[in-house]
Amino acid sequence: MSFEDSLMAPIIRRRKKVIRLLSVYVVKSSFVPDEYWQSLEVAHKLTFGFGHLTWEWRKQIRSYIYPFMIHVLFSAFPGSVETIILLPKIFQAVLSTIGDFFTYQLACKLFGSRCGLWTLFNLLTSWFLFYCSSRTLTNMAETSITACGLFFYPWKREKHRGLTCSYLWFAGASSLMRPTAFVLWLPLYLYHLWREKHYFSIIKNTFLIGCVILATLLSCDSYFYGHWVFTPYNFFLFNWRSDIGAFYGQHNFLWYFTTGLPVVLGVHFIPFLMGLSIPYLRHQFFLIFWVIIIFSFLSHKEFRFLLPVLPLALIICSAVMNEISSNKMAVFKWKIMESQMQHYTCLA
């Protein structure tokens, strides 16, 4: 990292925190009903004793984990209506900031500090992250926790075996937010298991961590539902086997590729496509396309369902930008020379 880069990094990180908190006050629109009916309304009923629960809670397909977090905030800071409105958004904005920080750290870990700086830039300029970062969506909470887990994932062989399974805590926590997180973590876990020699140690840690995560889920949901219930199973029955989401709209199989991903990425879709020509990004592309293909089998599709893979997609964009800025990549068969970049910088 150059001297200028070392000075810019903390400045960009501070601005990132400000922007995520700024979204709390700037973003006033409503995106999807689930940001209320799967979190705020449920937490309000838990805290104040009244509120409407949709059919999803009567059929017990949703976990109380995320609403319980907001319920704790409501209970700890009872106050005005403004406090009730702002506290959950600030909480989610802080959680999003943590996810952004670990996305930056992951980019540095995989591709170097210069790529990390480009990742900070892309996180700041992602319109969809700004639009969603303070919304009380389980998808956004899942995204933040997933970003943390991807940083702790052993992308390369680790010397200390005890550290290789720490990502499982975040994998389990993201699955608590939404069971669909399992789709992203399954190939990563199998690859980890296949690559490491001491697979028995991995299986043992998986069992121990899994027991803690499962106990947390069962205890929380069974307490609030009033009886023992395993909500991921009910979620699977309604969403995957019965495809109940088709009631809210149906899309063709290629919708995520032709509409979803281009819209979510915006201008970043161009460097994302350029990254297909870079061999060392194949693992990240495989993971993104794996998730998208599995989600494509469901007839109901939404932009927010792509949030968990957005940090990886932005890291890919950052790697491409780093290649171009380092004069290592051709754009439309033309190399961008360093002297030309300095010339355009001076003109700007």
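Analyst: Happy to. One term to begin with: buried means under 20% relative accessible area, exposed over 50%, and partly exposed in between (1.4 Å probe, protein chains only). Helices (H or I, at least four residues) and strands (E, at least two) are DSSP runs numbered from the N terminus. This is a predicted model, where local features need pLDDT of at least 70, side-chain atom pairs count only at pLDDT 80 or more, and totals for chains, interfaces and linings use all residues. Residues are numbered from 1 along each chain as its sequence is written, and side-chain values use heavy atoms, with hydrogens and water left out.

User: Thanks! Which residues of α4 are buried?
Analyst: In α4 the buried ones are Ile-65, Tyr-66, Pro-67, Ile-70, His-71, Leu-73 and Phe-74. They pack against α2 (34–48), α3 (55–58), α5, α8, α9 and α11, where contact means heavy atoms within 4.5 Å. The helix covers residues 65–76 and reaches 17 Å from its first C-alpha to its last, close to the 16 Å expected at 1.5 Å a residue. That expected span is 1.5 Å times one less than the number of residues.

User: Stepping back, how many helices and strands does the chain have?
Analyst: There are 17 helices and two strands. Of the 348 residues, 48% are buried. Among contacts with a separation of 6 or more, 77% are between residues 24 or more positions apart.

User: And where does UniProt put the transmembrane regions?
Analyst: The unreviewed UniProt entry annotates residues 68–91, 111–130, 167–194, 206–225, 253–273, 280–299 and 305–325 as "transmembrane region". Those positions use the numbering here, feature names are shortened, and annotations may be inferred rather than shown by experiment. In the model, residues 68–91 are 83% helix and 0% strand, with the end C-alpha atoms 13 Å apart.

User: OK, new topic. At what angle do α8 and α9 pack?
Analyst: Helix α8 (residues 138–152) and helix α9 (residues 167–177) pack at about 170 degrees, with axes 8 Å apart. So α8 is roughly antiparallel to α9. Axes are lines fitted to C-alpha atoms, for helices over the stretch in contact, and angles run from 0 to 180 degrees between N-to-C directions; over 145 counts as roughly antiparallel.

User: Which residues meet there?
Analyst: From α8, the contact includes Ile-145, Thr-146, Cys-148 and Phe-152, and among those from α9 are Tyr-167, Phe-170 and Met-177. By class, the contact has eight nonpolar, four polar and one charged residues. Here Ala, Val, Leu, Ile, Met, Phe, Trp, Tyr, Cys and Pro count as nonpolar, Asp, Glu, Lys and Arg as charged, and the others, Gly among them, as polar.

User: Is Thr-146 buried or exposed?
Analyst: Thr-146 counts as buried because its relative accessibility is 1%. Leaving out residues up to four places away in sequence, Thr-146 touches Ser-174, Leu-184, Trp-185 and Pro-308.

User: Last one: where is Gly-112?
Analyst: Gly-112 lies in the loop between α5 (81–111) and α6 (113–125). Gly-112 counts as partly exposed because its relative accessibility is 25%. Its C-alpha is separated by 9.2 Å from that of Ala-319, 207 residues apart along the chain.

Key
Parallel < 35°, antiparallel > 145°, perpendicular 65-115°, else oblique.
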